[in-house]
Amino acid sequence: MQATQRVQRALFRLGQRWLGHTDGPEGDIAPGTVVVGKDAGAHRVRLWVGTLVHGCDADTVTATVTVDGAGPVRTTLLRFGFDSERAITGWAAGTRFFHGHVVVDGLAPDTWSTATVELDPAGGLRAEHRTASCRVRTLPDRIAVGGGLTVFASSCYDADTDTTNAFDAAFRHLRDHVAAPDLSLLTGDQVYADAPARFYATMARSTPRTYGLLEYWTSWGMQRYGEHRHLGMRALLTHGPHWFLPDDHEFWNNWPHASVTARHSYANIARAGRGGLRRWVAALRHRPGEEIPYPADPGPPPSDPLVQSYHPVHPDEWDTWGRAAFDLYGSFQTPSVRDRDTGRITRGELDDDPARDPLRPPRHRPPGQVHRPLNQVVQRIDLDEVQVALLDTRTRRTRRTDDPRYSAFVDSEYLDQLLAIAAEAPVLVLVTPQPLLVPPYWKRLHDRPLGTRVEKRIDLQAGDYPDQYARFWDGLVAARDGRPTVTVGGDIHASYVGYAPSLPLLELVSSPMSLVAGSTVFDTLFAAPAKLLRALSGGSASRDPYAPGAELARVQDLRSRVPRRPEADDGSDDTAVSLAGLGRGNPEALGLLRFARPEQHRFRLTASLHRRASLAAGHDRGAQEVTVELRTDRRGPEAMGSPEVSWQ
């Protein structure tokens, strides 16, 4: 073994020892099988099946999937490749991960069932690992009069800070004693693939696919540490259908921008520095309105610094690091575009050779265009009068935020697709990874010049792309035309319910499910400098920006590309405010949206935030609820009634 590989292997083993794995590579990852309900329709469910096997030499595993009310479906699980990393991990050739998606059709609508998976015998596959099950649900065609629908919504789960299985206990209490969700919306950072630092700097350094698999396997509740079973999010994931959105930590902090933890070697740091300098110089020379070339071939990463700056970041630009994240996201979370088109799930590094696969994504895009996304950018849940739309505002971002034409957090075609859904929905539920009632960059820069610049460097928001953000809000307000809108977000490690009466719009932000290790670094190691920085930037070390009554944004600011003159203010009360929040000292939260339909043109919506600690302890003290009436026969402020706020 080469000297560098010996060092890399020593680092990987050190990380495993920190986790308590002292019995060698066979104990690094636990064998087992899990089945999870993904998206669903009125007559079908999509299931994901994953199994980890030791001592197996097969390339595929066959499974039989049975759902109550439908005949058995046979499916083939494919091997996910990470063979090139075995020299570092020490994992035997027989340690293999198999996975696949299967759609079961012909089911009755609005029905709960049990899905059972049974794997055919295979070498190394133990009898107790051949079966798994989960609860699945088909959707109703519509929310009927006298009926209702409950939606779970939250983001940000760090398995390494949930060692006591508090999330599992909290969700079980929520499900059994508060309200059982009919479907779940998970809005980003379902894994922290770049945390904690000591593991990311050791095990992940040269094994992105292996380490990513370990993070997902743990978060999905399949890992053991000695006699301790890490339950993770398994209780949630095996209950009903789920829709997922990616945010940065599925990749690394502030992806697609470079970060310290994303470079992995001094050589990569130097290359990243040179690349950043080239892009900075090219952007200085670029004038807004000038054409940005499109790559002749969308397959390989572009080398032109303007293309790198003003088109969505290519998935292969960071070599295996970015691609591994897309591969694992397309397996464990939202099925990739290719998976949905062809029915074949990703095979990891087995798919990396373009010679074996000439149309390897993103080469499946026609020449002369920007590369096609690997994952679904817009997802839709059709409940007739209620339309749920999920928009990925993370993976198609451009590096530069300052060009009116090219800088964007999502491609124009997908924004248009979303706005078309918004235009036809009597009630719209719009789900994004981050909150939407956030002032644009120019407004925050005017109010807090220093703090806003720091925040932008740490973590970009959709509002940091001011031109497209204004186009988005202009389009959304026009498309909704005064009909009731609900937005759902996460990411910010704070939870609140916001309200913009002039639109009318209600926003639920629920984050995190489990607070990531290191997120409070400024409040611990650098407490004094952090407080000074907040003071200098116009903020406060103790102020809660989401406390009830706090101003979130002005609608006219959201719709403007530049600062407005005071005389341009129309005097209308278009301020969005926070109605309820769990406060700075209670970060972990679980969110619910409960729709009831008492009559034809009227819905009653309750948005609630529940403290994880209280739920895990067997009660629901500290929960906050906001209830509003939604009218589909009215427009303007009367389409959403006055909110009623209550708390436990």
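Start your tour by selecting Leu284, which counts as exposed at 57% relative accessibility (exposed means over 50% relative accessible area, buried under 20%, and partly exposed in between, with a 1.4 Å probe and protein chains only). This is a predicted model, in which local features need pLDDT of at least 70 and side-chain atom pairs count only at pLDDT 80 or more, while totals for chains, interfaces and linings use all residues. Residues are numbered from 1 along each chain as its sequence is written, and side-chain values use heavy atoms, leaving out hydrogens and water.

Leu284 sits in helix α7, residues 266-285 (helices are DSSP runs of H or I with at least four residues, strands are E runs of at least two, and both are numbered from the N terminus).

Now go inside. Select Phe97, Phe152, Phe167, Trp220 and Phe332: they have the most contacts inside the largest nonpolar core, which has 55 residues (a core is a set of buried Ala, Val, Leu, Ile, Met, Phe, Trp, Tyr and Cys residues joined through side-chain atoms within 4.5 Å). Helix α9, residues 320-332, gives this core its largest share, six residues. A second, separate core has 37 residues, including Leu245, Val427, Leu609 and Leu630.

Zoom in on Phe167. Beyond its neighbours within four places in sequence, Phe167 is in contact with residues including Phe152, Tyr157, Met513 and Arg612 (contact means heavy atoms within 4.5 Å).

Last stop: Asp105, in the loop between β5 (96-104) and β6 (112-119). Is Asp105 buried or exposed? Asp105 is exposed, with a relative accessible area of 51%. Not counting residues up to four places away in sequence, Asp105 touches His43, Arg44 and Ala70.
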